[in-house]
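Here's a walk through a protein fold, one spot at a time.

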Amino acid sequence: MQSVMLAGGVVLVPIVAFITSFIFWPGVLLKAYNWYWRCKLGMVVRYAHSGSYRYCYSSRGTPGGAAPSLLLLHGFSASKDMWLPLIQYLPRSQHVVCLDMPGHEGTSRTCAEDYSISGQVGRIHQFVQSIGLDKRPFHLVGTSMGGNVAGVYAASHSAQLSGVSLVCPAGLVYPTDSQFISQLREMEKNQEPESIPLIPSTCQELENMLRLCCHRPLNLPQQVMKGLLDNRIPNNGFYRELFLELIGEKSRHSLQENLHLITAPVQVIWGKNDQVLDVSGAGVLQAALPSCQVDLLDDCGHSVVLERPRKAAKLILDFLSAQNLNGDDAKKRS
C-alpha cells in the first residue's frame, strides 16, 4: 500500500478520497488516518519521562537483533509520523523508534533553551537513557533540523552509535544558497520577521510551502489542505519561537562547527532538487568527513521520506549491513 506524508507529520493512505468526502473536522480525520497507518505498520505510541519532562514516541520490534536499533529524528514542524512512509519498507524484525522532537506533538513544550540544537541534543540523550537505547550501539537517522541534531549528537556521543544517517541536514555553511535561504536573506534585509515560508497560516501559504519542500507537486484536494492547516495553526506560535532559535547564532551552523568531532560512520542522503537546503551541503560533509557515504537522489527535493521512501529505506538498510560486515571483519582481524 502506497502512502503520502505531508509536512507537519500527517500521512495519508490510498483511501484519501474517503477522507475528503467529509466536510466536518478534516484535521481530526487526518489524525485518525495517522493512527490507522501506525496500526497497519505495527507502530505503538509510548511515553517516557525524565523527571517532569515527557517524551512521546512510537516504536516497533525489540532491541538486540542482528541489526542495531534505529532512532529516527524528524524535521522542523513535523512529528514522529513523518517516518511512516519509510517504515513500511523496513523489515518487521527491525527495531525502530520514532521520537517527537522537543516541543512537537506529544513531547513536552518548555522553553527556548530546549529548542536550540545543543538543547535538543541534551533532551535526545536523556530520552536514549530513559528507554535504555544506549545499552548497545544504535543507528541514528535525522532529516533537516533532525539531521542537524543527529550530527551534533554523533559529535558528542559517537561511542553510543553504530552509525548515523544525515538526510538533507540543516546546520551547515552551504556553498550555494537554496531558494528558501535566498528568501530568508531577503526577509532579514527587509526586516519581515512575520513572514516565514515554513510557517503557513493560509491555504495559499501552505501550498507554497509544499511546493518548496517537494520536487513534484502534490496537488492535494482543498479539504485535505484545510485539514493539514487546521492541525498546524494552533502550533504556529511554537514553530515561530523554534525557528528563530534555530536560525540564531547559537544554532544556525551547529553541525558545521561539530563535524570534526564525529567518529561514527556517516551516511549522507540528499535530494538533488532540494529547494530548502541546497544539495551542495553534501559536498561540505564529504570534504569534512572523507570516509562518509554520499547518495544523491534524482527527481527528489527536501522531503526525501515522502518523495523516495523506498529508496531511502534501502539505502539505510544497505548502510547498516555494510557496517555490520565491517564490524565482523574487524573482529576476525583482532
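Predicted model: local features only at pLDDT ≥ 70, side-chain atom pairs only at ≥ 80, totals over all residues.

Begin with lysine 80, which sits in the loop between β5 (70–73) and α3 (84–87). What does lysine 80 touch, once its neighbours within four places in sequence are set aside? The list is Val45, Cys56, Tyr57, Ser58, His74, Cys98, Leu99, Asp100 and Glu105.Serine 77 belongs to the loop between β5 and α3 as well. Its relative accessible area is 3%, so serine 77 is buried. Its backbone deserves a look too: most residues other than glycine have a negative phi. Serine 77, though not a glycine, has a positive phi of about 65 degrees.

Now go to glutamate 105, one of the contacts of lysine 80. Glutamate 105 is found in the loop between β6 and α4. Here again phi is positive in a residue other than glycine, with a value near 50 degrees.

Threonine 107 lies in that loop too, between β6 (96–99) and α4 (112–115). Is threonine 107 buried or exposed? With 4% relative accessibility, threonine 107 counts as buried. The side chain of threonine 107 reaches the backbone nitrogen of cysteine 56 at 3.0 Å. Beyond its neighbours within four places in sequence, threonine 107 is in contact with Tyr53, Arg54, Tyr55, Cys56, Leu99, Asp100, Met101 and Pro102. Cys56, Leu99 and Asp100 also turn up among the contacts of lysine 80.

On to the helices. Two packed helices are described by the angle between their axes and the distance between the axes. Take helix α5 (residues 117–130) and helix α6 (residues 145–157): their axes come within 9 Å and cross at roughly 70 degrees. α5 and α6 are therefore roughly perpendicular to each other, and the crossing is right-handed. On the α5 side you'll find Ile117, Gln120, Val121, Ile124, His125 and Val128, which meet Met145, Asn148, Val149, Val152, Tyr153 and His157 of α6. Sort the residues of this contact by type and you get eight nonpolar, four polar and no charged.

The second pair is helix α8 (residues 203–213) with helix α9 (residues 222–232), packed at an angle of about 95 degrees with their axes 10 Å apart. That angle makes α8 roughly perpendicular to α9. Cys203, Leu206, Glu207, Met209 and Leu210 supply the α8 side of the contact, and Gln222, Met225, Lys226, Leu228, Leu229 and Arg232 supply the α9 side. By type, this contact has seven nonpolar residues, one polar and three charged.

Last stop: glutamine 267, in strand β9 (residues 266–271). Glutamine 267 counts as buried because its relative accessibility is 0%. Which side chain does the side chain of glutamine 267 make a polar contact with? The partner is the side chain of serine 165, at 2.5 Å. Leaving aside neighbours within four places in sequence, glutamine 267 is in contact with Val164, Ser165, Leu166, Gln293, Asp295, Leu315, Ile316 and Phe319.

Note on methods. Residues numbered from 1 in each chain as written. Heavy atoms only, no water. Helix = DSSP H or I, 4+ residues; strand = E, 2+ residues; numbered from the N terminus. Buried < 20%, exposed > 50% of the residue type's maximum accessible area, 1.4 Å probe, protein only. Polar contact = N/O pair within 3.5 Å; in protein donor to acceptor, adjacent residues only side chain to side chain. Contact = heavy atoms within 4.5 Å. Axes fitted to C-alpha atoms, helices over the stretch in contact; angles between N-to-C directions. Parallel < 35°, antiparallel > 145°, perpendicular 65-115°, else oblique. Left-handed = near helix turned anticlockwise from the far one by under 90°. Nonpolar A, V, L, I, M, F, W, Y, C, P; charged D, E, K, R; others polar.
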